[in-house]
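Dear colleague,

I am passing on to you the structure that we spoke about, with its sequence, and below it you will find notes on what came out of a first look. Please read them with the model open beside you.

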Amino acid sequence: MSHRQTQFDFWRGVVLIPALILALPVLVVFASVFTPQVEIWQHLRQTVLTDYIINSLLLATGTGFGALVIGTTTAWFVSQYDFFGRRVLQWLLLLPLAMPAYIIAYTYTGVLDFAGPVQSWLRATFSWSYGDYWFPEIRSLGGVIIMLMLVLYPYVYMLARSAFSEQSGSLSEASRSLGLTTRQHFIRVALPLARPAILTGTALAMMEAFADYGTVQYFGVSTFTTGIFRTWFGLGNQPAAAQLAAMLTSFVLILLLLEHWSRRKIRYYHQGQRHRAAARKSLTVAKQVGVFILCGLPILFGFILPASQLGLWAAERYEMLFDPAYISLLWNSFSLAAIAAVVSVILALTFAYAKRLRNSLFIRLPVQTAALGYAIPGTVIAIGVMIPLAWLDNHIDLLAEDWFGIRTGLLFSGSLFALVLAYSVRFLAVSLHSVESGLARIKPNMDHAARSLGASSSQVLTKIHLPLLRGSVLTALLLVFVDALKELPATLILRPFNFNTLAVRTYELASDERLADAALPALSIVLVSLLPVIILARGLDTDIKAPDIKAPDIKAPDIKG
Amino acid sequence: MLALQHVAIAYSADTVVKDVNFALMPGQIGCLLGPSGCGKTTILRAIAGFERLKSGSIVLQKTEVSSAQQHINPEQRQVGMVFQDFALFPHLSVADNISFGLARASKAEKAQKVRQLLQLVGLPNLGNRFMHQLSGGQLQRVALARALAPEPKVLLLDEPFSSLDTDLRESLARDIRDILKQLNITALLVTHDQHEAFAMADIIGVMSDGELQQWATPYELYHKPINRFVADFIGRGVLVPGTVLAEGKVETNLGIFTPRYNNIMQQGARVDVLIRPDDIVHDDSSPVTAAVVEKTFRGSHILYQLKLKSGEQVQCLALSHHNHAIGEDIGIRLDLDHLVLFPV
Amino acid sequence: MLALQHVAIAYSADTVVKDVNFALMPGQIGCLLGPSGCGKTTILRAIAGFERLKSGSIVLQKTEVSSAQQHINPEQRQVGMVFQDFALFPHLSVADNISFGLARASKAEKAQKVRQLLQLVGLPNLGNRFMHQLSGGQLQRVALARALAPEPKVLLLDEPFSSLDTDLRESLARDIRDILKQLNITALLVTHDQHEAFAMADIIGVMSDGELQQWATPYELYHKPINRFVADFIGRGVLVPGTVLAEGKVETNLGIFTPRYNNIMQQGARVDVLIRPDDIVHDDSSPVTAAVVEKTFRGSHILYQLKLKSGEQVQCLALSHHNHAIGEDIGIRLDLDHLVLFPV
Amino acid sequence: AEVNVYSGRQEELVKPLLERFTAETGIKVNLITGKADELISRMVSEGRNSPADIIISSDVGRLYRAKQQQVLQAVQSDTLTETIPSALRDPNGYWYGLTMRARPIMYVTAKVDASELSTYADLANAKWKGRICVRSSDNIYNQSLTASFIAHDGAAATAKWAQGFVANFAQPPRGGDRDQIKAAAAGMCDIVIANTYYLAGMLADDSQKAAAEKLSVFWPNQATDGVHVNISGAGVAKYAPNKAQAVKLLEFMTTADAQRWYAEANHEYSIRADVASSDILQRFGEFKADTLQLENLGELNADAIRLMDRAGWK
Ligand SMILES: Nc1ncnc2c1ncn2[C@@H]1O[C@H](COP(=O)(O)OP(=O)(O)OP(=O)(O)O)[C@@H](O)[C@H]1O
Ligand SMILES: Nc1ncnc2c1ncn2[C@@H]1O[C@H](COP(=O)(O)OP(=O)(O)OP(=O)(O)O)[C@@H](O)[C@H]1O
Ligand SMILES: [Fe+3]
Ligand SMILES: [Mg+2]
Ligand SMILES: [Mg+2]
């Protein structure tokens with residue numbers, strides 16, 4: 001009896017306290033609704049609110065849809081078929097994520113806008129002038145959607161890829177024995193089974209689109225995010241800005257709840273006794289070429305073209321490379337992103353597992369709340385992190401002065417701790433959703449079997465789930481790492497003195513419209529992202545390789561669901 | 001040692017186990033029989049601690065481990081389980097699966113134990129294989145070995161031999177029974193094979209629809225079923241209508257019988273008499289004959305479905321040398337030792 | 001209709017099926033028996049098209065679907081399969097799983113078919129459940145219904161009744177046999193239950209270690225096993241040494257027998273005679289007695305292990321009314337219809 | 001000794017100066033850059049434990065807000081009061097201007113004659129229909145410009161002007177000041193409103209020079225209030241742990257040397273009369289700057305935004 005008590009408290013404690021801390025910024029935002037700002041809302045409603053809502057929704061759905069289509073298709077081909085170049089494409093497909101959206105926006109604008117080389121050439125060639133011809137306007141809502149979808153589809157791709165490759169071969173055999181072609185199997189079985197993963201990726205892309213500031217701002221599209229900044233900094237009304245953020249978050253919350261509700265009865269683990277991985281199918285040469293081109297397109301547009309443009313710009317400033325400050329920039333970025341990735345994946349594993357163990361509202365609520373942080377613009381979250389931390393620091397300082405006559409100053413805020421905390425809040429959604437969608441594919445009897453053999457609940461996590469979740473955990477690590485690498489708003493505001501990152505550097509130069517100077521750090525973000533990709537690529541690949549009888553390290557390819 | 005008291009278990013609103021009571025002494029082997037979906041696995045899962053009780057309690061070695069209020073974690077119960085779906089760990093080799101529960105053992109001890117258990121289940125050379133490289137029956141044996149390895153105080157076996165061929169099943173059942181007895185492990189087995197239950201269990205529970213119908217020794221269960229369900233479920237048989245005469249004798253179309261035990265039935269009461277296939281002995285020389293309606297070849301025997309002159313159908317198990325055609329009339333004789341009656 | 005010619009199948013370097021040959025006529029029901037791990041599932045998987053052949057060929061309806069060079073995709077074979085591990089779709093309800101293969105049917109037709117099949121497998125009310133809400137036996141029945149729904153030309157059943165209780169198993173086996181016959185579906189069944197094989201199959205193959213030992217009718221298999229392995233694997237029995245006398249008679253410690261069929265054996269040759277438990281009839285009045293060494297209660301019968309005066313052990317299946325204690329001497333009589341001999 | 005700087009200007013535009021300061025005084029400088037508003041929020045929540053000694057902003061509105069939020073303290077320094085014109089600093093010494101920039105009208109030399117131009121107000125005239133490029137009203141430069149309009153002419157007149165002005169846009173606002181200049185050079189529009197240092201920066205950049213050369217600067221409102229200007233500036237934090245060093249840094253930034261660096265590195269106008277502008281800036285000619293007390297811009301910023309919202313200035 002006492003055992004049960006302590007266990008219960010253990011998981012509650014392990015989850016509740018960090019989850020509440022992580023949820024705090026989101027709660028700070030939501031707390032704003034208690035200070036009604038009637039007058040300003042009236043103004044917003046009469047003027048710009050409709051625009052904000054429509055644009056934000058279009059932006060998020062457009063981006064989400066695009067990411068879904070690109071990510072799912074590429075993931076399917078990469079996980080199911082063997083074709084020339086698959087091994088390389090498989091991780092190249094992740095790279096566009098490393099491009100800050102506003103940077104890719106700058107590069108495309110540079111090429112495609114009215115003053116850019118393409119249109120200038122057209123005008124010169126056909127002696128047209130402004131208004132004589134139609135050309136798609138890159139700096140438009142449609143343009144933002146395309147830019148965002150080019151850099152955000154990797155969320156869907158990564159999650160779907162591990163979902164597809166972990167699907168049990170026996171299910172595809174079952175549908176084939178019932179006469180389904182591979183395509184029909186994809187639509188009727190593989191896709192619905194990967195649904196949690198795919199929709200999670202899509203939700204991440206949508207949340208990021210909701211929270212995007214740089215691109216919409218540059219393209220002159222008014223969304224909730226630009227509205228929040230305008231209201232906060234321009235109108236100087238912080239509560240109203242937070243209320244806008246709360247409204248935005250509510251949209252996301254409703255979407256997420258609907259999705260969960262619609263599949264509440266479904267489970268995604270395979271009931272079978274055996275875990276046979278599906279072997280990748282081989283293709284004819286012609287088809288290989290087709291698939292290669294198909295999977296290459298997102299890389300071409302999301303990575304190669306913009307990176308070449310950046311490369312051209314950067315070539316002019318290559319001396320910067322030899323600046324020692326530049327090395328510290330690389331190191332800061334890399335180490336911070338690595339820490340953030342590890343911390344947020346550990347948190348995600350703990351939270352997701354606690355939810356699996358005890359599906360109580362007590363645990364679900366704070367965890368879910370914390371995971372909403374992703375939909376809130378980074379600056380708002382950063383302030384939400386800073387306010388409670390500084391409050392805590394100041395109170396510790398006061399107490400210490402009262403009791404011991406010493407001043408402690410700022411212990412947490414303004415330290416790397418604050419930054420890591422902010423990253424955790426911001427990226428918990430990414431890691432948690434990846435891990436959860438993987439966990440849903442492990443059947444509960446695995447846990448039960450281990451526990452009946454005397455493994456404690458935490459041993460189940462380390463000895464059973466972790467190895468089985470390898471694909472999902474690697475995915476989460478990579479996604480958070482890359483995301484953290486280009487994280488800007490929280491870094492900007494929370495970092496300690498004299499601490500710079502590549503993203504900050506890129507942003508400062510780009511915001512001063514010095515694109516050529518911004519190109520090198522921007523490109524470096526991509527290059528640094530390559531490091532973990534290369535380190536983890538082996539793990540990713542064996543992950544989908546149908547294990548062979550001689551392979552000594554078979555992993556969990558088919559706990560599927 | 002293991003006692004269930006008024007145990008009820010529900011999935012959401014569905015109560016699938018209702019008021020189940022039974023107890024096993026240390027070292028005793030119990031068995032649950034019952035139709036598919038009657039709640040056998042659910043009971044095992046509750047004992048292992050994977051399902052919570054709606055009401056009632058489960059006591060293990062004098063400790064209440066489950067009740068509506070209280071729930072001790074599975075890993076603290078020392079209850080091993082062979083899962084119906086095996087639940088083997090796909091990321092571990094056969095040997096690692098088996099040694100999984102031997103957390104505290106040394107490397108050499110583990111290897112020794114694994115070798116021993118692989119020998120027992122007849123897979124001596126497959127220690128390095130992974131789960132997707134095994135056949136169904138091999139998987140099942142690995143699951144069995146894994147559950148045996150830590151020598152739990154209580155072992156729950158959910159259809160542990162269902163994927164094995166008869167020979168292997170019987171020899172393995174015998175070996176495992178020996179091990180259980182030797183280590184004084186209390187075991188609860190679920191099986192659909194009644195012969196296996198009879199051979200292995202000290203005591204058997206028959207369940208239906210979430211309720212425990214009878215908890216008794218194999219012999220009692222077969223010969224003194226407590227109700228129609230048990231009579232029907234265990235073994236074969238048909239119920240033939242009859243009437244109670246004076247002195248407790250019973251009259252049916254097949255003749256008049258004297259119950260060995262005193263059935264407290266009123267004279268004139270209408271009853272059903274359970275006639276098992278082995279109560280009807282095929283005897284070519286008997287004057288009573290019946291027509292073969294259906295026959296099933298069962299190796300050593302042929303099971304005949306017979307139609308009596310009076311129209312009633314009964315079954316008869318004859319040695320398979322007596323191969324008669326459908327439609328043929330064959331001689332039968334009644335050899336009714338245990339008269340089982342149910343009031344109509 | 002379905003023919004395997006010199007089929008060999010390997011996993012990497014391991015050849016697990018070797019030179020297997022058999023054929024089924026349209027509408028015929030075949031069955032594979034064999035010890036766990038002997039390659040039964042592998043053969044079914046090769047017929048369905050999930051494994052490639054190392055050599056040999058598989059012909060389905062006059063088309064060669066598999067050979068070392070050639071491999072027609074599973075979805076083009078119209079071969080249904082009940083998988084040993086069910087492979088049900090966890091994201092679909094029971095009804096949707098069953099109607100999964102009915103792509104071209106209208107909604108009403110699907111609903112009708114699902115209702116009908118759920119009725120058949122005894123799950124009429126569970127159409128809306130998901131897989132995690134079903135018991136093991138219920139899952140198995142859904143898998144069966146799903147494979148039957150599209151009425152494939154060829155149906156492969158891999159231990160389709162292993163998780164069901166005896167009553168349900170028998171009635172379902174009978175119903176499914178009727179359906180197969182009625183729709184003229186060629187079926188190949190794998191089972192570990194020999195009674196089931198006998199009852200359901202027109203023809204049975206016994207496998208061992210990847211090789212097909214005998215392909216024959218149930219009766220032949222039991223009474224004319226082609227080699228010691230089959231004799232041992234099918235039914236029970238012991239081999240008693242004997243010597244061939246003049247005129248083909250055989251002498252053993254149990255007496256002298258006349259084979260019904262002419263065994264072309266040299267006089268004086270040393271042979272083993274297969275004695276099945278049903279060849280030894282328990283007869284209290286017989287002068288020949290043997291001591292009870294071991295007994296297993298099997299419901300309708302008790303299986304006695306007996307020790308003859310000469311030291312040989314034999315088995316005897318006696319009606320369970322004849323309940324004798326271990327150590328007791330009981331009367332036996334030999335009733336040897338089919339003399340099965342193997343040269344030593 | 002050290003001094004902690006919160007800078008709303010990018011590192012590129014402060015760090016070299018700070019390094020020079022360290023070299024000259026031996027005072028170590030710690031720096032964080034960011035958006036001024038966020039840095040102010042950070043100072044507010046850090047309260048009395050804030051390590052910040054000095055906050056630098058590229059916009060007077062932010063300095064005004066910092067003062068409002070009470071994170072600044074008044075400091076007096078003769079050097080500062082003497083070198084900085086009074087319009088460019090807080091009357092009480094809460095903040096001091098460091099450099100100045102103007103936001104004039106630029107026109108495509110080939111399509112517009114300078115004589116057609118006069119004031120900002122004139123840009124609402126229908127004759128400019130479809131000929132004006134300007135960036136979004138999200139941008140502080142436009143907010144300040146509108147705020148100065150309100151300060152001079154009142155809200156009603158400004159609202160009317162904004163209506164007409166927005167109606168003349170060649171395209172919905174998008175991109176930055178340089179993008180407007182490039183669009184004009186490429187022929188999309190004839191008139192641009194942009195900060196001087198952007199045009200100057202383009203002229204100094206070989207790859208953008210050709211486009212920039214197609215435009216000329218027109219100084220509007222010379223007959224009336226003068227061209228709209230804004231400043232970058234700095235103030236000393238209320239709880240500055242190193243106040244003395246902070247003041248020293250402020251003073252350093254107003255030295256002729258430092259001012260010259262700004263003039264050359266970023267083409268800004270010095271607050272010192274004795275420091276010449278860069279060559280490029282000199283080519284734009286002399287102008288009369290608006291003498292509006294800059295504090296007003298901060299005060300009216302919110303009003304300006306609402307007004308632009310209503311005018312449909314995206
Ligand atoms: N992927 C694989 N790699 C290597 N060996 C395998 C693989 N799959 C099966 N085997 C081996 O092939 C043999 C035949 O397997 P199969 O599944 O056909 O057996 P089975 O006759 O169906 O047995 P069971 O009755 O236990 O299901 C087994 O010994 C098994 O260990
Ligand atoms: N998660 C669930 N939700 C709802 N009902 C369930 C759930 N799990 C099982 N059931 C139902 O509970 C009943 C008992 O299931 P259980 O698994 O205990 O049966 P069982 O006796 O083991 O059957 P079998 O012999 O087929 O394995 C079944 O009718 C099953 O449908
Ligand atoms: Fe600027
Ligand atoms: Mg069960
Ligand atoms: Mg098998």
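Does D:Glu11 count as buried or exposed? In this predicted model, D:Glu11 counts as buried, because its relative accessibility is 12% and buried means under 20%.

A second salt bridge joins the side chains of A:Glu137 and D:Arg174, at 3.2 Å from N to O. This pair, too, crosses between chains, running from the loop between helix H6 (117-126) and helix H7 (141-166) of chain A to the loop between helix H6 (155-167) and helix H7 (177-186) of chain D. Here A:Glu137 is partly exposed, with a relative accessible area of 29%, whereas D:Arg174 counts as buried at 10% relative accessibility.

Within chain B, B:Glu151 forms a salt bridge with B:Lys113, and their closest N and O atoms are 2.5 Å apart. B:Glu151 lies in the loop between helix H4 (136-148) and strand E7 (154-158), while B:Lys113 belongs to helix H3 (residues 107-120), so the pair ties together parts that are 38 residues apart in sequence. B:Glu151 is partly exposed, with a relative accessible area of 37%, but B:Lys113 is buried, with 15%. Elsewhere, salt bridges that share partners join A:Asp397, A:Glu401, A:Arg407 and D:Arg48 into one network. Over all chains, a search of the whole structure finds 59 salt bridges.

The ligands come next. Around ligand 1 there are 21 residues, of which B:Ser135, B:Gly137, B:Gln138, C:Thr41 and C:Thr42 come nearest. The site is shared between chains, because residues from chains A, B and C surround ligand 1. An oxygen atom of ligand 1 is 2.6 Å from an N or O atom in the side chain of B:Gln138, and an oxygen atom of the ligand is also 2.8 Å from a polar backbone atom of C:Gly37. Taken alone, ligand 1 exposes 640 Å², and the protein buries 94% of that. Two elements give two or more residues to its shell, namely H4 of chain B and helix H1 (40-48) of chain C. By class, the shell around ligand 1 divides into five nonpolar, 13 polar and three charged residues.

Ligand 2 lies between chains B and C, and of the 20 residues around it, B:Thr41, B:Thr42, C:Ser135, C:Gly137 and C:Gln138 come nearest. An oxygen atom of ligand 2 is 2.7 Å from an N or O atom in the side chain of C:Arg129, and an oxygen atom of ligand 2 is 2.8 Å from an N or O atom in the side chain of B:Ser36. Taken alone, ligand 2 exposes 630 Å², of which the protein buries 90%. The elements that give two or more residues to the shell around ligand 2 are helix H1 (40-48) of chain B and helix H4 (136-148) of chain C. That shell has four nonpolar, 13 polar and three charged residues.

How values were computed
Residues numbered from 1 in each chain as written. Chains lettered and ligands numbered in written order. Predicted model: local features only at pLDDT ≥ 70, side-chain atom pairs only at ≥ 80, totals over all residues. Heavy atoms only, no water. Salt bridge = Lys/Arg side-chain N within 4 Å of Asp/Glu carboxyl O. Helix = DSSP H or I, 4+ residues; strand = E, 2+ residues; numbered from the N terminus. Buried < 20%, exposed > 50% of the residue type's maximum accessible area, 1.4 Å probe, protein only. Near = heavy atom within 4 Å. Polar contact = N/O pair within 3.5 Å; in protein donor to acceptor, adjacent residues only side chain to side chain. Areas by Shrake-Rupley, 256 points an atom, 1.4 Å probe, with all protein chains shown as cover. Nonpolar A, V, L, I, M, F, W, Y, C, P; charged D, E, K, R; others polar.
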